[in-house]
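Biologist: I am new to this structure and would like to go through it with you step by step. Could we begin once it is in view?

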Amino acid sequence: MTVERIPQDVEALVRRAAQAAPGYGGDFADIPRIARRRRNRQAAGVAAGVVAVLAAAGVTATLDRGPDRTPLNPPAATTSAPPPAPAAAQRLMLNGADGSYRTFDNGTQTWTELGDARAGEFTVDGTWQLRTHQVRGAGRWDRFVGRADGSIVAIGPGRAGGVTLLAADPDGQVRRTREVMKPGEMVALIGATMEYAYLWRPAGLVEHSLNGGGERVLLTPEQIDVTGFFDGQIVAADVVAGRLALTRAATPCVVEFYDLSRPAEADRRSLAANATCTRILTVRLSPDATEAAVAYDADGQLTTTVLDAATGALSDSVEVDVEPSEKPLVVNVSWVDPRTVRGVALHAAGARGDVTPFTLTR
């Protein structure tokens, strides 16, 4: 029998009896509230049991305490990105050094023979230590490139009149060697990375795989507007990070920059617009190829500056205590970091020559 069907007189008797009984002061209206409280206590007990079990298992549980006030899309935590790792300093290899050169160690004069089977390198950490590398696997090295891991890529006369390209470990042991001269053709080394050597061939600027030996032409003579690469038209060149920089005899104070990914007309930057220039002696691209260190003859004064590839602007320059008219004069430069360029001028007097180091700091 439901509550709604209880006769009115019976309900009055029940109320009076209930009010007279000790420990109870409610009525039928309290029953739903009591039921709700009982269900809430049971639910709380079950939740507490779940929390206890999860806690024993090492899992954290969070009870529902009401609406979550946390924004649906809280702002992401801001963290500073780590600075990019600095590029390794370029090595200062003494290409073109052929003879006995004088250096000084704590005031003590020392003569070092370079050329033929021995290549030279100066440290770029400011100590100006002269290191030598003995050729193994070729009669001599005509040109060599030092890589960041201490190894060297070199080119020189091979067997039976050929030309050998080799990669040597830091200790001089040859890791691989390959004949790269084609019959009736000349070849020259321009630059190298851990994977490729960049060569001048009659076909143009060629990317040569050091692992497999495969090649592809990056720039043709027509695109560079020359008839050959071995007749003195190109005075200096460098390849770094997909860019070629060169200067030619016909325009001795202009550096031309080519993007190897889309070889079109070059960006030409003239030193003569902002400096007194007679001729450029050497060009070295920065590790990111956005600038070039340029050593040039400034009306009889050897000077080194930095040229911006995009704008042609020149940075600070340094004058080197060497007369560019001295013959032969060879200048090698390297980037130590984005603000520092170091180099050496090699000038011979008969069978013996001097080495003049210099530093450009911006």
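Biologist: Which residue in the turn of the hairpin formed by β2 and β3 has a positive phi?

Modeller: This is a predicted model, and in it β2 and β3 run antiparallel, joined by 7 bridges. Asp105 stands opposite Thr108 in β3, and the hairpin has 2 residues between its strands. The residue in the turn with a positive phi, of about 55 degrees, is Asn106.

Biologist: Which element gives the largest share of the lining of the second largest pocket?

Modeller: The second largest pocket holds about 320 Å³ of space, and among the 16 residues that line it, those closest to its centre are Thr103, Phe104, Asp105, Phe122 and Trp128. Two or more lining residues come from each of β2 (99-105), β3 (108-114), β5 (130-134) and β24 (352-361). The largest share, 4 residues, comes from β2.

Biologist: How many residues of that pocket's lining are nonpolar, how many polar and how many charged?

Modeller: The lining of the second largest pocket is made up of 16 residues. They divide into 6 nonpolar, 7 polar and 3 charged.

Biologist: Is Trp128 buried, partly exposed or exposed?

Modeller: Trp128 is found in the loop between β4 (118-122) and β5, and it has a positive phi of about 55 degrees although it is not a glycine. Buried would require under 20% relative accessible area and exposed over 50%. Because the value for Trp128 is 24%, this residue is partly exposed.

Biologist: Is Ala289 buried or exposed?

Modeller: Ala289 is another residue with a positive phi although it is not a glycine, here of about 65 degrees, and its place is in the loop between β18 (279-285) and β19 (291-298). Since its relative accessible area is 2%, Ala289 is buried.

Biologist: How many aromatic pairs does a search of the whole structure find, and what kind of pair do Trp141 and Phe144 form?

Modeller: The search of the whole structure finds 3 aromatic pairs. One of them joins Trp141 and Phe144, with 5.9 Å from centre to centre and 45 degrees between the planes. Trp141 and Phe144 are both buried, and the pair they form is tilted.

Biologist: Why is the pair of Trp200 and Phe229 stacked?

Modeller: A pair of aromatic rings is described by the distance of the centres and the angle of the planes. The centres of Trp200 and Phe229 are 4.3 Å apart, and their planes stand at 10 degrees, so the pair is stacked. The pair links distant parts of the chain, with Trp200 in strand β11 (residues 196-201) and Phe229 in the loop between α3 (221-224) and β14 (234-240), 29 residues apart. Trp200 is buried at 4% relative accessibility, and Phe229 is buried at 7%, while the angle that makes the pair stacked is 10 degrees.

Biologist: Which ring does the charged end of Arg352 sit over?

Modeller: The charged end of Arg352 lies 4.2 Å from the centre of the ring in question. That ring belongs to Trp111.

Biologist: What volume does the largest cavity have?

Modeller: The search of the whole structure finds 1 cavity of 30 Å³ or more, and its lining consists of Leu165, Leu166, Ala167, Arg176, Thr177, Arg178 and Leu210. Two or more of these residues come from each of β8 (163-168) and β9 (174-179), and the lining divides into 4 nonpolar, 1 polar and 2 charged. The volume of the largest cavity is about 40 Å³.

Technical notes
Residues numbered from 1 in each chain as written. Predicted model: local features only at pLDDT ≥ 70, side-chain atom pairs only at ≥ 80, totals over all residues. Heavy atoms only, no water. Phe/Tyr/Trp six-rings, centres within 6.5 Å; stacked < 30°, edge-to-face > 60°. Buried < 20%, exposed > 50% of the residue type's maximum accessible area, 1.4 Å probe, protein only. Lys NZ or Arg CZ within 6 Å of the ring centre and 35° of its normal. 1 Å grid on protein atoms, 1.4 Å probe; cavity = no way out; pocket = protein on both sides within 12 Å on 5 of 7 lines; lining within 4 Å. Points joined across faces, edges and corners; volume = space filled by probe spheres on them. Nonpolar A, V, L, I, M, F, W, Y, C, P; charged D, E, K, R; others polar. Pairing = 2+ DSSP bridges.
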